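Have a go at each task before reading its solution.

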Amino acid sequence: MYKSLETFILDIPTIRPHKMSVATMQKQTLVLVKITSAEGIVGWGEATTIGGLSYGEESPESIKANLDAYFAPLLTNIRSEMNIAQIMQMLNKNIVGNRFAKCAVQTALFDILGKKLDLPISELIGGRLRDSLPVLWVLASGDTQKDITEAKKMIELKRHNAFKLKIGSRSVEEDVEHVIAIKKALGKDASIRVDVNRAWSKMQCMKGIKALQDGNIDLIEQPCAIDNTELLAELTSRFDVAIMADEAVMYPKNAYQLAKKHSADVFAVKIEQAGGLMEACDIGKIASLAGIDLYGGTMLEGAVGTIASAHVFSTFESLAYGTELFAPLLLTEEILKEPLVYESFELKVPKSAGLGIALDEEKVLALTR
């Protein structure tokens, strides 16, 4: 049995505007979930999306409303002997969709179980293979010189030496010029990738990807529409630069369909997009068996979702393109008693029980909408 499920919406300003083709963010809205077990053990989860409803079908407000109205009654009335897999099966039977909300609940349940057994979540989902993860930084000011300055500072601080550029809101020519200028300024020591956020048509893809490939860019993320998997497969076979599927990789079944036709060179795995930690692990296994490289993605979550993702990614056999778990560094407010540890271009994965983090609950309440 679980005594309670509580939800909190937090609006936290970002250190600078974060520009994407779907939205320009001046703040990030976190949805935190706090579940308390019958024994009084507290577990935390996070359901955070991007730009309200501009990115996906769940918004912070709908996530909170559905968790409060539908998830909480089910969770507080389950049989005490049910394990996490059985609880998620019950939730899936009674609640359609709501991947982000389900991920938050599953994360909190694993946090509780880890604390009960005195084990980190990574050991509950297969066992970690690494204690730290390479983390890139997203350059999304939209200003070429500002992005170059920002990137050089990150390299100097030894915090990041791989960078992703958000493009797709301007013309292909402007975007390519912007990206290539940054690549030239940073040189061979920095890896440069781009995220088109599904903004390009077929002709734009052909033109833009060719120019970016010629400019020695390392990876192109989700260049076309989510449902245009045929074009994604065509681009993958046509170009030498790595093509990554992001939003097209939702549930494990989507990953399987993409893998079957080798529609991408790389899968971006996001725990919320997958619907949970277990589902994200399934996607990782599908990719591994199909010979598709992996990248640890983000929904720009705060510390809770970020470290939950880190536990999952630490179990992947191969993580060829590293991770994007930088988002807590983009926020102006800290909600943990001790911040996550970023050093030597990597994020440390906690070894203590559950998520391995301690929330500052007074700070959470102070920031709650």
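Predicted model: local features only at pLDDT ≥ 70, side-chain atom pairs only at ≥ 80, totals over all residues.

**Exercise 1. Find how helices α3 and α11 are oriented relative to each other, and list the residues that make their contact.**

Solution. 
- Step 1: Locate α3 at residues 99-117 and α11 at residues 277-290. Their axes come within 8 Å and cross at roughly 100°.
- Step 2: Angles of 65 to 115 degrees count as roughly perpendicular, and α3 and α11 are therefore roughly perpendicular to each other.
- Step 3: On the α3 side, the contact involves Cys103, Gln106, Thr107 and Phe110, while α11 brings Leu277, Met278 and Glu279.
- Step 4: Sorted by class, the residues of this α3 and α11 contact are 4 nonpolar, 2 polar and 1 charged.

**Exercise 2. Work out which residues join α5 to α6, and what the hand of their crossing is.**

Solution. 
- Step 1: Take α5 as residues 144-156 and α6 as residues 172-186; the axes come within 10 Å, with a crossing angle of roughly 35°.
- Step 2: The crossing of α5 and α6 is right-handed.
- Step 3: From α5, the contact uses Thr144, Asp147, Ile148, Ala151, Lys152 and Ile155; from α6 it uses His178, Ala181, Ile182, Ala185 and Leu186.
- Step 4: The contact of α5 with α6 counts 7 nonpolar, 2 polar and 2 charged residues.

**Exercise 3. Describe the packing of α7 against α8.**

Solution. 
- Step 1: The axes of α7 (residues 202-214) and α8 (residues 229-238) come within 11 Å and cross at roughly 20°.
- Step 2: Angles under 35 degrees count as roughly parallel, so α7 is roughly parallel to α8.
- Step 3: The α7 and α8 crossing is right-handed.
- Step 4: Lys202, Cys205, Met206 and Ile209 of α7 meet Leu231, Glu234, Leu235 and Arg238 of α8. This α7 and α8 contact holds 5 nonpolar, no polar and 3 charged residues.

**Exercise 4. Determine what the UniProt record places at residues 144-242, and how much helix and strand the chain has there.**

Solution. 
- Step 1: The unreviewed UniProt entry places the feature "domain: Mandelate racemase/muconate lactonizing enzyme C-terminal" at residues 144-242.
- Step 2: Over residues 144-242, the chain is 52% helix and 14% strand. The end C-alpha atoms of this stretch are 23 Å apart.

**Exercise 5. Identify the salt-bridge partner of aspartate 68 and say where the pair lies.**

Solution. 
- Step 1: Searching the whole structure gives 25 salt bridges.
- Step 2: The partner of aspartate 68 is lysine 64, with 3.0 Å between the closest N and O atoms; the cut-off is within 4 Å.
- Step 3: Both aspartate 68 and lysine 64 belong to helix α1 (residues 60-75), where they sit 4 residues apart, about one turn of the helix.

Notes. Residues numbered from 1 in each chain as written. Heavy atoms only, no water. Axes fitted to C-alpha atoms, helices over the stretch in contact; angles between N-to-C directions. Helix = DSSP H or I, 4+ residues; strand = E, 2+ residues; numbered from the N terminus. Parallel < 35°, antiparallel > 145°, perpendicular 65-115°, else oblique. Contact = heavy atoms within 4.5 Å. Nonpolar A, V, L, I, M, F, W, Y, C, P; charged D, E, K, R; others polar. Left-handed = near helix turned anticlockwise from the far one by under 90°. UniProt positions renumbered as here; feature names shortened; annotations may be inferred. Salt bridge = Lys/Arg side-chain N within 4 Å of Asp/Glu carboxyl O.
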